[in-house]
Amino acid sequence: MALNLEALGKKIGPVTKDYTWKDAVLYALGVGAGFSELEYCYEKNLKVIPSFSIAAIFEFLSHIGINSNINLAGILHGEQELIFHNPIPPEGSLITEGKITHYYDKGKEKGALVVGESDTYHSDGKKLFTSIITIYSRFDGGFGGENAPKKEVVFPDRDPDFVVSASPSPDQPLIYRLSGDIFDLHVDAEFAKMAGFKMPIMHGLCTHGFACRALIQSLVPGESEKVRRLVCRFTKPLYPGTPIKTLIWKTGEGKAVWRVVNAETGKVTIDNGIFEYGDIPEEKIRFDGRVAIITGAGAGLGRTYALELAKRGAKVVVNDLGGARDGAGSGSTFAADKVVDEIKALGGEAVASYESVSTPEGGGNIVKKAIDAFGAVDILINNAGILRDKSFIKMEPESWNAVLDVHLNGAYNVSRPAFAVMKEKGYGRIIMTTSAAGLYGNFGQTNYSAAKMGLIGLMNALKLEGEKYNVKINTIAPVAASRLTEDVMPPDFLEKVKPEFVSPMVLFLCSEKCPVSGNIYNAGMGCFNRVAVVTGPGALAGSTDKPGTVEGIMANLEKISSLKGGREYRQLNDQIGDVLGALSKPLEKGVPAVGKQQSTVSVAGIFEAMPASFVKSASAGVNVVFQYIISGSGGGEWHSVIKDETCTVKTGKHEKPTCTLKMSDSDFLLLMSGKLPAMQAYTSGKLKIEGDIMKSQLIEKLFKR
Ligand code: NAI
C-alpha cells in the first residue's frame, strides 16, 4: 500500500476533544508531576502543562496517519514542534484542524516522512497551539519524492546551564497511557517482543512531558504560560524505570536548546530540542484592506462600529438616511457626512451613502457605492433601525410595514447584493441586528419584535448558503444608549450603556478570526452571552403507530414541554434526522423520544453479509485467514478465508489465522459503519491485532462497506 499523495494539502478535521481538569491532572501525573508542582495537579488555580497539547490532539494525529495511508506496522513519532499562542485552559473543548504539508522520501530501504501541521482552538475561540508532527514510516520509502531538508540544532560547546534529573517510575506508561495513547507497545510484554523490544517501552511523549516540566522549572519557574515553542526529535526508546537527565543550554534571550539522555548509559533519547519562552505577544485584530458597509451608521451603535473598524484599518461605507427616529421624513446627508468627517480626521478612509435600506434599489446602491469607492465588500453590518411602538390593536399597517421595511426587508435588500460579491470573492462577514424585544418579547413592540426575529430566520438559512464560500453570518442583540432607547432607559442608566460596550463583539464577529457562523450574541454593559434556540427531547403522547390524542397531550404536557437534555440544531435536517432516528426504534410511552438512536445492524448480520461485500477483483493472489474475536453481548467468533479469489465466512476459531482482530461489539459496529476509522481504532487500542499486522490492512481493500 502506497502513501496517499492525493491527501497532501487537503483539510483534515475539525476534530473536537472535550476535556476537564481531571484530564489535565491525569496527564500531569503521567509525566511525573506531584506535590512539588501542585499547580499542575490540584484543580484549585490549575495550570495545564503546555505539552498536554500533544496528548490532547492524539485523535487528530491518528487522522494524519489514516489520510496519508501510512503503513502503520512501521511508524514512529519522528519529530514534534509545538508553538503556543495562549495557555491551555483547565477545561473545555479543543478544536483541531490541519493538513498534511509534506511527504519526504528517504529511499526504499530507509522509509518516508509524513509531516502534518494543525492549529488547535479552544471552545472559547482562542487559538491555543500549532503542532507540526513528523511521522517516520519505515516501509513507505521509495515513492520518488524528494528527501527532507537537513535540520541541525547547534549545541554550545560547554557544560549545560541546567541539568534536571528525574526517575520515571517503572509503572509510568500505565499512568501516561490513560491520556490517550493506549497502544499495546507500552503495556503488553508479548506485543513489545513482537515489535523487537525486550519489554514494553516508555511513550516518547511521556519523556517529552518530563522534559517540558524540567525546562519550565529551569527557565520560567511557576510561569508555564510563558512557554512559546517546544521542538524535539525522538531518537531512542527508553524502558520504564530508566532514570533520565534533561540537559539545557541557554542560547539567548528567551531561547534554549535541550536534549534528554538516559542517565545510566548517557545515550540521547530526545535530541535537537529547542525551547523558546517569553510573554504572549498581543495579537491585534486588524481590518487592513477590508471594505465594510454599516447601515444606519450616522449615529448610535452604527457610528461606533464605523469608527472602530476604520481605526483598525477598514475602508468604510457610512450609510445613513438621516431620518427621524420613526423613519418619517425624507432624511438628510448630515448624519452620514459627520461620521465620514470623524473617520477622516482620525486618518481613516470612508465614504458616505444616503440611501434608504428599505428598498431593493437602495440596497443595491449602497453595495455599488462600496464597489465604486473601494472595489469590494468584505463586511456588512445590517444596523439601520427605526421604532414605531404601539399596542397591537393600534398597530395599523403603516407602522407595521414601516418597521419591517427597515429592519427585515432592509437587511434583505442590502445583504443580497453584498452576498453576491462575497460569494464571488470567497470571503465575507455579515452581521444582523436583533433585539431582546424579539428574542424574549416586549409589550407594545409587535412590529419590531417580529422584524427582529425574522432576522434570525434570515441568518439561519443564509449561514448554510454562505458556509461553502467562507461567508459567516452572525447576529448581535445590543443594549446601548442611543436615540432609539433614550426614553426607554432611566437617565442614570444611560451613562453606563455606551455603544463602545457592544462594539468589541461586533468587530470580532466581523473579523477574519471569527470561527463561528449562525450564532446570536447579547452584548451590552460589558456583558456578552450567547442566545440559542433549543429543542427539548420530547415525549410520545400516544404510540408510534397511532396519532396521539388531545388527552395524551394534556397528560404528557410537562414532559413534552421540558427542555432538559435539549439540543441546539444547526439546520433543519439534523432535527428531522433525530426524529426519524427515534421513530425507527420502539419507544416507551412518555419516554423522551428524540436523540437516542440505536443501530438495528448486528455483528452476526455483518458476518452473514460479508461474502456479498467481498471485492473479488482486489483478491488476486491473496491467501489469508482473518480471525475475528468480538467481545460483548452481541459478539462471538468468526473467521473468513480468502483464497483463490473467493471468500468464505464461518463461525468459530480457525486453526491457523493469518491475523486475529479483537474488538468489542459496539466498536466493531462503528468500524463497519465507517464511523470509526480503522487506523484510529488501532492506535486508540479499540482494535487489537495479533499475527501479521500488515495483512490486516488488506481488509479495507477486500470488502466494500
Ligand atoms: P439609532 O437611532 O441611534 O441609529 C439608527 C440609525 O439608523 C439612525 O442614524 C437612522 O438615521 C438610521 N436609519 C433609520 N432608517 C434607515 C434607513 N431606512 N436607511 C438607512 N439608515 C436608516 O439607534 P441604535 O440604538 O444605534 O440602533 C442600531 C440598531 O440596533 C437598530 O437596528 C436597533 O433596532 C438595534 N437595537 C438597539 C438597541 C439599543 O439598546 N440601542 C437594542 C436592541 C436593538
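This tour moves through a predicted model, one selection at a time.

**Stop 1: the whole chain**

Start by colouring the chain by domain. The assignment gives domain 1 (9-277), domain 2 (291-531), domain 3 (534-598) and domain 4 (603-702). Now look at domain 2 and domain 4. Their centres, taken over C-alpha atoms, are separated by 58 Å.

**Stop 2: strand β5**

Select residues 127-137, which form strand β5. How many of the 11 residues are buried? The count is 10, so the strand is largely enclosed by the rest of the structure.

Strand β2 covers residues 75-84 and pairs with β5 in the antiparallel sense, over 9 bridges. Find Phe84 and look across to β5: its bridge partner there is Phe129.

Then show residues 111-122, strand β4. β4 also runs antiparallel to β5, and 10 bridges join the two. Select Ser118 here; Ser131 in β5 stands opposite.

Follow the chain between β4 and β5. This hairpin has 4 residues between the strands. Stop at Gly125, where phi is positive, near 95 degrees.

**Stop 3: Thr130**

Stay in β5 and pick Thr130. Is Thr130 buried or exposed? It is buried, with a relative accessible area of 5%.

Show side chains. The side chain of Thr130 makes a polar contact with the side chain of His85, at 2.7 Å. A second polar contact, also 2.7 Å, goes to the side chain of Asp119. Leaving out residues up to four places away in sequence, Thr130 touches Glu81, Leu82, Ile83, His85, Glu117, Ser118 and Asp119.

**Stop 4: Leu128**

Move along β5 to Leu128. Its relative accessibility is 0%, so Leu128 counts as buried. Select what surrounds it. Beyond residues up to four places away in sequence, Leu128 touches residues including Ile83, Phe84, His85, Pro87, Leu94, Thr120 and Tyr121.

Ser53 and Leu128 are 75 residues apart along the chain, yet their C-alpha atoms are separated by 8.7 Å.

**Stop 5: the cysteines**

Select every cysteine. How many disulfides does a search of the whole structure find? The search finds 0.

Zoom in on Cys212. The closest cysteine sulfur is in Cys232, 10 Å away, which is too far for a bond. Cys212 is buried, at a relative accessible area of 0%.

Cys527 is in no disulfide either. The nearest cysteine sulfur belongs to Cys514 and lies 19 Å away. Cys527 has 45% relative accessibility, so it counts as partly exposed.

**Stop 6: helix α12**

Finish with residues 446-466, helix α12. The helix has 21 residues. From its first C-alpha to its last it reaches 30 Å, close to the 30 Å expected.

Which residues of α12 are buried? They are Asn447, Tyr448, Ser449, Ala451, Lys452, Leu455, Ile456, Met459, Leu462, Lys463 and Gly466. As you look down the helix, keep one rule in mind. An α-helix has 3.6 residues a turn, so residues three or four places apart point the same way.

How values were computed: Residues are numbered from 1 along each chain as its sequence is written. This is a predicted model: local features need pLDDT of at least 70, side-chain atom pairs count only at pLDDT 80 or more; totals for chains, interfaces and linings use all residues. Side-chain values use heavy atoms; hydrogens and water are left out. Buried means under 20% relative accessible area, exposed over 50%, partly exposed in between (1.4 Å probe, protein chains only). Two strands pair if DSSP finds at least two bridges between them. A disulfide is a pair of cysteine sulfur atoms within 2.5 Å. The expected span of a helix is 1.5 Å times one less than its number of residues. Domain bounds come from an automatic or database domain assignment. A polar contact is a pair of N or O atoms within 3.5 Å; within protein, one must be able to donate a hydrogen and the other to accept it, and residues adjacent in sequence count only if both atoms are side-chain atoms. Contact means heavy atoms within 4.5 Å.
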